[in-house]
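Reader: I am new to this structure and would like to learn how to read its features one at a time. Could you show me the model, and then take me through it slowly?

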Amino acid sequence: FRECKLLLLEKEYVTVGGGTGSCGILAYISFASSTTRSQVEQAAENLLNLPILTTGLWGDGESSTGSLLKLAAESESACSLVIVPQANLISKVKQGGKSIQYHGQINKEEGEELYEHFCECLKGRLLEAQCFSRSNQDLPQWYKARRAFFEKQNNNKQASASTPPNQLFRDESKYSEWDERGFPIKDAEGKEPTKSGMKKLSKIHEAHCKRHNKWKDQHGRDAINVEQRSDPPPAQWDDSLDPSFCQFVAGSFGKRQGLSFRSDMGPFVHSFQV
């Protein structure tokens with residue numbers, strides 16, 4: 001788009017772009033019930049690096065495509081990225097087009113957590129690219145501390161007694177899809193587990209549930225992982241992300257998304273699934 005206006009918190013509109021040669025991406029995002037954090041991270045990386053953005057007019061015979069990160073680093077005018085949470089992207093048409101169902105959507109609470117993580121990943125990569133494009137400017141200390149916190153948190157994840165049962169099999173090197181219990185229903189290659197394999201996993205899951213319940217009894221019913229109790233260093237995005245590099249706007253999760261935009265370039269729409 002050339003210019004985009006989005007309603008935030010159902011209160012006020014924010015406008016990005018509009019300048020000479022400005023360009024931006026408007027991205028709708030939704031999460032299936034089986035979505036993992038690493039898939040969200042990959043989606044953010046794809047969005048920023050896919051060569052789908054053009055600056056010239058549609059069909060002018062001169063414009064070439066590039067990624068948002070590439071154009072942000074090279075362009076004299078700022079690029080823009082607008083994210084809109086849109087749960088209804090996860091849907092299925094039924095009864096020959098007479099009805100539509102949304103059973104594959106993630107629940108609202110988990111969806112909001114993944115949406116916040118998605119936006120955090122995008123802003124982090126934008127900040128890194130911004131600093132790199134400016135003669136390897138140092139990353140802010142708060143960002144380094146925050147990144148180290150999450151890396152340590154990920155490294156400390158293991159199937160201990162404190163691990164919630166619905167996270168026991170969340171290993172993307174082995175599985176690609178899970179049910180609402182976190183139980184794997186497809187392996188890494190997209191194949192359903194065999195009956196013997198399911199029986200083995202059921203025994204492991206049952207044994208872990210007993211260990212986890214015993215752990216909760218010992219530590220209190222509301223006990224959670226130590227890593228989950230500690231909070232990461234506070235983010236300071238507004239002080240660090242320079243809108244002259246890329247204007248970033250994230251729509252309000254669970255709110256009405258009032259939207260208008262202007263565009264004269266293309267290709268107009270891309271759709272991809274991670």
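Author: Let us start with Ser34, which is found in the loop between β3 and α1; helices (H or I, at least four residues) and strands (E, at least two) are DSSP runs, numbered from the N terminus. This is a predicted model, in which local features need pLDDT of at least 70 and side-chain atom pairs count only at pLDDT 80 or more, while totals for chains, interfaces and linings use all residues. Residues are numbered from 1 along each chain as its sequence is written, and side-chain values use heavy atoms, with hydrogens and water left out.

Reader: Is Ser34 buried or exposed, and which residues does Ser34 touch?

Author: Buried means under 20% relative accessible area, exposed means over 50%, and partly exposed is in between (1.4 Å probe, protein chains only). Ser34 has 14% relative accessibility, so this residue counts as buried. Contact means heavy atoms within 4.5 Å, and, not counting residues up to four places away in sequence, Ser34 touches Gln39, Arg170, Glu177 and Trp178.

Reader: Which residue is the bridge partner of Glu177?

Author: Two strands pair if DSSP finds at least two bridges between them. Strand β7 (residues 175-178) and strand β8 (residues 184-187) run antiparallel and are joined by 3 bridges, and the partner of Glu177 in β8 is Lys186. The hairpin of β7 and β8 has 5 residues between the strands, and there Gly182 takes a positive phi near 85 degrees.

Reader: In what order do the strands of the open sheet lie?

Author: The order is β3-β4-β9, an open sheet of 3 strands with parallel pairing. Its edge strands are β3 (23-29) and β9, each of which pairs on one side only. Direction ignored, neighbouring strands of this sheet are turned by 10 degrees against each other on average; axes are lines fitted to C-alpha atoms, for helices over the stretch in contact, and angles run from 0 to 180 degrees between N-to-C directions. Between β3 and strand β4 (residues 79-85) there are 7 bridges in the parallel sense, and Gly24 has Ser80 as its bridge partner in β4. Helix α3 lies across β3, β4 and β9, and runs at about 175 degrees to β9.

Reader: How should I read a nonpolar core, and how many residues has the largest one?

Author: In soluble globular proteins, nonpolar side chains tend to be buried together. A nonpolar core is a set of buried Ala, Val, Leu, Ile, Met, Phe, Trp, Tyr and Cys residues joined through side-chain atoms within 4.5 Å. The largest one here has 39 residues, and those with the most contacts inside it are Leu68, Leu81, Ile83, Phe118, Leu122 and Leu126. Helix α3 gives the largest share of this core, 10 residues. As for Phe118, leaving aside its neighbours within four places in sequence, its contacts are Ile29, Phe31, Val40, Ala43, Ala44, Leu47 and Ile83. A second, separate core has 8 residues, among them Cys4, Val16, Val82 and Val84.

Reader: Where does Cys4 lie, and which residues is Cys4 in contact with?

Author: Cys4 lies in strand β1 (residues 3-8) and, at 1% relative accessibility, counts as buried. Beyond its neighbours within four places in sequence, Cys4 is in contact with residues including Val14, Val16, Leu26, Val82 and Phe261. The C-alpha atoms of Cys4 and Val249 are separated by 10.0 Å, although these residues are 245 residues apart along the chain.

Reader: How do I read a pair of aromatic rings, and how many aromatic pairs does a search of the whole structure find?

Author: A pair of aromatic rings is described by the distance of the centres and the angle of the planes. Rings of Phe, Tyr and Trp (its six-membered ring) pair if their centres lie within 6.5 Å; planes under 30 degrees apart count as stacked, over 60 as edge-to-face and the rest as tilted. The search finds 7 aromatic pairs. For Tyr115 and Phe253 the ring centres are 5.7 Å apart and the planes are at 40 degrees, so the pair is tilted. Tyr115 lies in helix α3 (residues 108-133) and Phe253 in the loop between β9 (246-250) and β10 (259-262), so this pair ties together parts that are 138 residues apart in sequence. Tyr115 is buried, with a relative accessible area of 4%, whereas Phe253, at 22% relative accessibility, counts as partly exposed.
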